[in-house]
Amino acid sequence: MRTTRGWSAGGLAAATMVTVLLSSATGPARADQTNTRQGSAAAQATTATFGATADTTYTPISADGDNGVKTTLASCPQSCEGNSNGERQPALAFTVQGLPANATNIRASLELYSWQAFSAGTTVHRATGSADGPGTWANRPTLGAALATRASVAVGYNSWDVSTAVTGNGGYTFALRQSTYNNRVYWPSREHQTTSIRPRLVVTYDTATDPWQLVWSDEFNGTALDTTKWDARNNAYTDYDLPCITNRPENVFVSGGNLTLRVRKEQYACGGGGTKQYTTAYLATDKTNQTFTYGRFEMRAKSPTGPTNSKGLWPAFWMRPQTGGNGEIDVVELQGGAQYYRTPVQAIFYSYQPQVKQDHRYAMPTGHPADGFHTYTTEWEPNAIRWYVDGVQVWERTPATTPWFNEVFHKPYHLRLNFQVGGWLGDPDATTVLPADFQVDYIRVYQRTS
Ligand SMILES: [Ca+2]
């Protein structure tokens with residue numbers, strides 16, 4: 001084992017990785033899958049009940065359960081006192097509030113209580129206009145779309161499905177139009193002394209509960225690398241690629257919301273490695289003791305590996321056991337050059353000598369890693385490891401696919417971000433545009449709570 005300056009395991013790991021990726025790159029790409037992230041869509045239903053904030057209380061009739069002042073609504077198609085047009089359409093206003101931003105599948109029912117059963121058909125409409133007052137014909141609401149109809153009135157709460165009208169927080173006014181039964185139907189108003197029979201709007205919604213909870217992240221929103229999280233190798237080099245690794249701002253910096261790993265073409269005296277023709281950056285969390293056993297590891301990044309200008313460039317986000325030894329999880333390898341630029345690589349390693357590994361190339365259906373920011377995610381669980389590109393699952397490994405899964409994937413791993421130059425995929429040539437920036441918007445680590 002050749003030892004590189006300052007550390008050895010990482011260098012050897014990446015060096016042996018390259019050979020195999022080359023061999024697999026010529027094989028047919030696995031068919032793309034379209035699964036979405038697992039475990040992220042569990043829904044929990046919540047019900048909220050709202051009382052009316054206004055209604056067209058009808059007061060003068062002390063009959064049919066009208067037990068006092070402003071305690072009843074009345075509906076009727078005709079023969080209503082004080083209503084020369086013979087029709088009364090009580091209106092009720094509600095304010096829906098407190099629904100969370102991630103509320104989905106919102107359902108709502110308007111519920112009115114009746115003391116008696118009637119053969120009265122009633123239709124609830126969305127309404128505009130005042131719902132506050134005696135409900136006189138002159139002040140009647142303007143009826144909007146019919147939402148729901150009941151053929152009769154039952155004793156107890158009667159409900160109308162108004163889900164199509166209730167879309168979230170906000171004010172909603174409904175009017176009740178009675179089509180049959182030649183008399184009034186009385187309904188307790190919002191001011192009825194018995195609170196348990198007042199009008200209500202029952203709203204039920206789902207909230208997606210994500211079992212993956214954020215446990216660690218670097219959003220790179222400051223002005224300097226957070227050295228409590230990352231160790232930036234300095235004045236180091238590997239035996240498998242060309243550059244000198246430095247922690248200078250010329251090679252690694254945080255600005256504009258991104259971490260940038262920059263490869264430069266320059267002559268640089270690199271310790272015992274002599275003069276190098278390129279410089280680069282290499283970050284890891286082993287020395288900062290940021291380690292994880294299982295979790296969802298996600299990077300949002302823009303790679304410099306475009307179709308025509310990136311030969312010999314190779315950014316990567318990967319993980320290694322904190323104690324060294326066997327095992328490696330590559331969230332993504334973003335290899336440059338015309339042959340590779342569209343196919344981010346997913347990989348796992350058991351050992352380097354002899355080399356035992358499994359890998360996969362995902363051909364992005366449109367675009368490529370250099371055309372903008374993309375997300376690269378690995379979900380590492382006790383019985384499966386899944387890879388995603390832009391939220392689409394592209395690969396999965398399990399103990400069934402990988403005989404050595406259980407031997408190496410149940411121990412703490414640390415994170416690595418590096419930007420290789422040259423090596424087994426070829427060195428930069430005259431077409432390679434330098435400096436080249438590997439821009440990382442964030443690194444996030446989630447772990448399951450359930
Ligand atoms: Ca950011």
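Residues are numbered from 1 along each chain as its sequence is written.

The predictor's confidence in each residue, from 0 to 100, is called pLDDT. Its mean for the protein chain is 86, and 84% of the residues reach 70 or more. Over residues 1-40, though, pLDDT is below 50, and this stretch has 76 contacts in the model beyond near neighbours in sequence. Residues 62-67 also have pLDDT below 50, with 9 such contacts. Where pLDDT is low, the predicted coordinates should not be read in detail.

## The chain as a whole

The protein chain holds 2 helices and 29 strands. Both are DSSP runs numbered from the N terminus: helices are H or I with at least four residues, and strands are E with at least two. Of the 450 residues, 44% count as buried.

Two residues are in contact if their C-beta atoms, placed from the backbone, lie within 7 Å. Among contacts with a separation of 6 or more, 75% link residues 24 or more positions apart.

Strands pair if DSSP finds at least two bridges between them.

Strand E6 (residues 122-128) and strand E9 (residues 170-178) run antiparallel and are joined by 5 bridges. In one of these, Val124 has Leu176 of E9 as its bridge partner.

## Two nonpolar cores

A nonpolar core is a set of buried Ala, Val, Leu, Ile, Met, Phe, Trp, Tyr and Cys residues joined through C-beta atoms within 7 Å. The largest has 65 residues, and those touching the most other members include Ala281, Phe317 and Val332. Strand E21 (residues 313-321) gives the most to this core, with 6 residues. Apart from it lies another core of 33 residues, among them Ala74, Phe94, Trp160 and Trp187.

Beyond its neighbours within four places in sequence, Val332 is in contact with residues including Met299, Phe317 and Tyr376.

## Back to Lys411, and some backbone details

Lys411 is in the loop between helix H2 (405-408) and strand E28 (413-421). Leaving aside neighbours within four places in sequence, Lys411 is in contact with Thr293, Pro321 and Thr323. Tyr294 is 117 residues away along the chain, yet its C-alpha atom is 8.2 Å from that of Lys411.

One joins Gln353 and Pro354, with omega about 0°; Pro354 lies in the loop between strands E23 (345-352) and E24 (355-361). Another runs from Leu434 to Pro435, with omega near 0°; Pro435 is in the loop between E28 and strand E29 (436-448).

Asn105, in strand E5 (residues 103-114), is not a glycine but has a positive phi of about 50°. Asn105 counts as exposed because it has 12 C-beta neighbours inside 10 Å.

Terms used
This is a predicted model: local features need pLDDT of at least 70, side-chain atom pairs count only at pLDDT 80 or more; totals for chains, interfaces and linings use all residues. A residue is buried if 20 or more other C-beta atoms lie within 10 Å of its own, exposed if 12 or fewer, and partly exposed in between; C-beta atoms are placed from the backbone.
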